[in-house]
Amino acid sequence: MADADLKLLYRELVSLEIELWDGIEERLRAQYDLPLTSFEVLHLLLRRPGRRIQDIAEEFSITVGGTSKVVDRLEAASLCERRANPNDRRSSIVELTPQGRKLVDGALKVFEEELELRIGSVIPEQSVREVTAVLGTLRAAGRALDAERKAAGQTPVPGRRAPKQPGRPAS
């Protein structure tokens with residue numbers, strides 16, 4: 001495949017992700033004073049209650065420390081709470097509070113409206129399924145490559161840091 005085509009695809013994907021993230025976050029902040037990072041964690045807790053910090057970190061491919069900071073802020077705002085994990089004394093379970101559930105229920109409507117406006121109204125449903133499948137394939141291949149490199153003891157080029165991944169929940 002032409003190198004220029006891959007670079008263009010990369011730029012388009014990254015730009016789309018940033019613009020999509022920023023557009024949705026702007027609405028969530030305006031209507032709920034809620035950063036998209038916080039919404040993502042609250043939404044996960046709504047969909048899959050009783051997650052540990054480690055589970056949340058793995059879901060978003062961010063560090064446990066970064067996840068803990070996000071949860072600390074949500075807990076300080078009374079949107080979630082930690083409780084002892086009955087299966088592991090070293091970890092806690094994070095759950096939505098009634099206030100957090102109410103907030104995420106409202107914010108979810110805004111999130112879904114923005115997805116419809118920015119994606120659903122632009123490309124047909126079949127294309128949404130196809131693009132989703134292709135992106136899933138690319139992500140799985142990337143994770144497999146990373147695991148293979150890690151197993152082989154390969155590391156990134158010395159002196160070069162990986163770029164910050166835009167749109168990921170912040171640490």
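Tutor: Before we turn to this predicted model, one cut-off is needed: two strands are said to pair if DSSP finds at least two bridges between them.

Student: What makes S2 and strand S3 a pair?

Tutor: S2 and S3 (residues 92–96) are joined by five bridges, in the antiparallel sense; the criterion asks for at least two bridges, so the two strands count as paired.

Student: What makes strand S1 and strand S2 the edge strands?

Tutor: The sheet is open and has three strands in the order S1-S3-S2, with antiparallel pairing. Strand S1 (51–52) and strand S2 (80–84) each pair on one side only, and that is what makes them the edges.

Student: Which helix packs on this sheet, and which strands does that helix touch?

Tutor: Helix H4, residues 64–76, packs there and touches S2 and S3, its direction making about 110° with that of S2.

Student: How do you describe the packing of helix H1 on helix H2, and what is the relation of their directions called?

Tutor: Two packed helices are described by the angle between their axes together with the distance between those axes. For H1 (residues 3–32) and H2 (residues 36–47) the angle is about 85°, and the axes lie 9 Å apart. Angles of 65 to 115 degrees count as roughly perpendicular, and therefore H1 is called roughly perpendicular to H2.

Student: How do you know whether the span of helix H6 agrees with its number of residues?

Tutor: The expected span is 1.5 Å times one less than the number of residues. For the 27 residues of H6 (residues 125–151) this gives 39 Å, and the end C-alpha atoms are 39 Å apart, so the two values agree. Just after H6, Gly 153 takes a positive phi of about 75°.

Student: Where does UniProt place the "HTH marR-type" domain, and what is the helix and strand content over residues 6–140?

Tutor: The unreviewed UniProt entry places that domain at residues 6–140. Over residues 6–140 the chain is 73% helix and 9% strand, with the end C-alpha atoms 18 Å apart. The protein chain has six helices and three strands, which run α-α-β-α-α-β-β-α-α from the N terminus on.

Methods: Residues numbered from 1 in each chain as written. Predicted model: local features only at pLDDT ≥ 70, side-chain atom pairs only at ≥ 80, totals over all residues. Heavy atoms only, no water. UniProt positions renumbered as here; feature names shortened; annotations may be inferred. Helix = DSSP H or I, 4+ residues; strand = E, 2+ residues; numbered from the N terminus. Contact = heavy atoms within 4.5 Å. Axes fitted to C-alpha atoms, helices over the stretch in contact; angles between N-to-C directions. Parallel < 35°, antiparallel > 145°, perpendicular 65-115°, else oblique.
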